[in-house]
Amino acid sequence: MRFGAAVLRAYGNPFTVEEVVLAEGPAEGEVLVRIAGCGMCRTDLAVRRSAGRSPLPAVLGHEGAGVVVETGGSGTGLGVGDHVVLSFDSCGHCRNCKAAAPAHCDSFAALNLFGGRREHAARFTDANGTALAPRWFGQSSFAEYALVPARNAVRVDPSLPLELLGPLGCGFLTGAGAVFNSFGVGPGDTLAVFGAGAVGLAAVMAAHAAGAVTVAVDRHPGRLALAERLHARPVPAAPTGLSDRLRRLTGGGVTYALDTTGSAGLINDALRSLRPTGRLGLVARLHDTLPLETGTLDRGRTISHICEGDAVPGLLIPRLTALWRAGLFPFDQLIRTYPLADINEAEHDCDTGRVVKPVLVPGGGEPR
């Protein structure tokens, strides 16, 4: 089976859209999906800075959505023609998976980032027969087709705009999940979001849907204007006085804070902006030591990392689509679509902040 995919061959090179070869169809427990659209996440872009930990050449992409065209056995729970959103991979049998915490799967890094599933090793090659890296997040969905564990796939209503749904499997899931699952935000709570990108704005929308008061902090006026349209109080990032301003705006401090930036300065501002017993969640990967300033963890304040919004994708994705139908989670306002052939333009626009969430739309041709 041959089809088009965007291949990253070296860390500093552009993507090249080329023909790839899949040697065999779905194994037991897998499904083959024709991709309708795939979001571009900053985790995809971070591969360029992974210092060799992510094997190349590879097909990236882990926010895919599409239509099932073939299933591997009767135990997938899916059928040909089903519309699905693809999310992160998990083993399904470790202690955390069994406890409905697949984002904390014991094998999360191995399955999603560094090696793929041992039982179904990578079967992709390029047109010349050169092996490509194991599937990224169990998907590798910067492509016309993706071969995925059925565990990754969440069935959705076929009346939904399928080409736009992929980011519900990671970026939007992370922000909304932080609000609904990690924090349990409810009416009367206050949330400060640091960084009004895809994850941060998903948190803003979810918090508004939950009846909370939300403040969004960012350095880009356009992002702040978008956050304001989504019912957040916009606050420009500032080198001094930021936490004092947030406490004044919220009548003494926020119940929860979510940092999506990984900036040590903003993380300390977030901690200082919390009420007593308030909680800060971090979703960005930290690349250096995090120095915490004196007093930031006083009075019962806590800080923790949040992975994939502590979500069970099969539960949260349908909740988010229902909120979208109700006009309470307008994630489509954050999306700009690009043909798969324009992936390098999409990466540039994502990296420079010109677009919140690029979604790549393949040509959709039949496999050869």
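Me: Let's start with helix α7: which of its residues are buried?
Reply: Quick heads-up that this is a predicted model. In α7, which covers residues 242–249, the buried ones are Leu 242, Ser 243 and Leu 246.

Me: Where do those buried residues sit when you look down the axis of α7?
Reply: They fall within an arc of 95°, so they line one face of the helix.

Me: And what do the buried residues of α7 pack against?
Reply: They pack against strands β10, β11 and β12, plus helix α8. Just after α7 you'll also find Gly 251, which takes a positive phi of about 70°.

Me: You mentioned some strands there. In what order do the strands of that open sheet go?
Reply: The order is β12-β11-β10-β13-β14-β15, so to read it off, that's six strands in an open sheet with parallel pairing. The edge strands are β12 (233–236) and β15 (302–305), and each of those pairs on one side only. From one strand to the next, the twist averages 20°.

Me: Can you zoom in on one pair? How many bridges join β10 to β11?
Reply: Five, with β10 (residues 190–194) and β11 (residues 213–218) running parallel.

Me: Which strands does helix α5 lie across?
Reply: Helix α5 (residues 198–209) lies across β10, β11 and β13 (254–259), and it runs at about 170° to β10.

Me: What about α8, which strands does that one lie across?
Reply: Helix α8 (residues 264–272) lies across β10, β13, β14 (274–282) and β15. Its angle to β14 is about 150°.

Me: Changing topic: how many residues of β3 are buried?
Reply: Eight of the ten residues in β3 (residues 30–39) are buried, so the strand is largely enclosed by the rest of the structure.

Me: Does β3 run parallel or antiparallel to β8?
Reply: Antiparallel, with five bridges joining β3 to β8 (residues 145–149). Val 33 has Ala 146 as its bridge partner in β8.

Me: And how many bridges are there between β3 and β5?
Reply: Seven, again in the antiparallel sense, with β5 covering residues 64–71. There, Val 31 is partnered with Thr 71.

Me: Ok, and how many bridges between β3 and β17?
Reply: Two, and that pairing is antiparallel as well, with β17 at residues 357–361. Cys 38 stands opposite Leu 360 in β17.

Me: How many of β17's residues are buried?
Reply: Four of its five residues, so to speak plainly, β17 is mostly covered. Strand β16 (residues 335–339) also joins β17, through five bridges, and those two run parallel. Leu 360 turns up again here, as the bridge partner of Tyr 338.

Me: Last one: at what angle do α4 and α9 pack?
Reply: Helix α4 (residues 171–183) and helix α9 (residues 313–325) pack at an angle of about 95°, and their axes are 11 Å apart. That makes α4 roughly perpendicular to α9.

Me: Which residues meet there?
Reply: From α4 they include Phe 172, Leu 173 and Phe 180, and from α9 they include Pro 313, Ile 317 and Leu 323. By class, the contact has nine nonpolar, two polar and one charged residues.

Notes:
Residues numbered from 1 in each chain as written. Predicted model: local features only at pLDDT ≥ 70, side-chain atom pairs only at ≥ 80, totals over all residues. Heavy atoms only, no water. Axes fitted to C-alpha atoms, helices over the stretch in contact; angles between N-to-C directions. Contact = heavy atoms within 4.5 Å. Buried < 20%, exposed > 50% of the residue type's maximum accessible area, 1.4 Å probe, protein only. Arc of directions from axis to C-beta. Parallel < 35°, antiparallel > 145°, perpendicular 65-115°, else oblique. Nonpolar A, V, L, I, M, F, W, Y, C, P; charged D, E, K, R; others polar.
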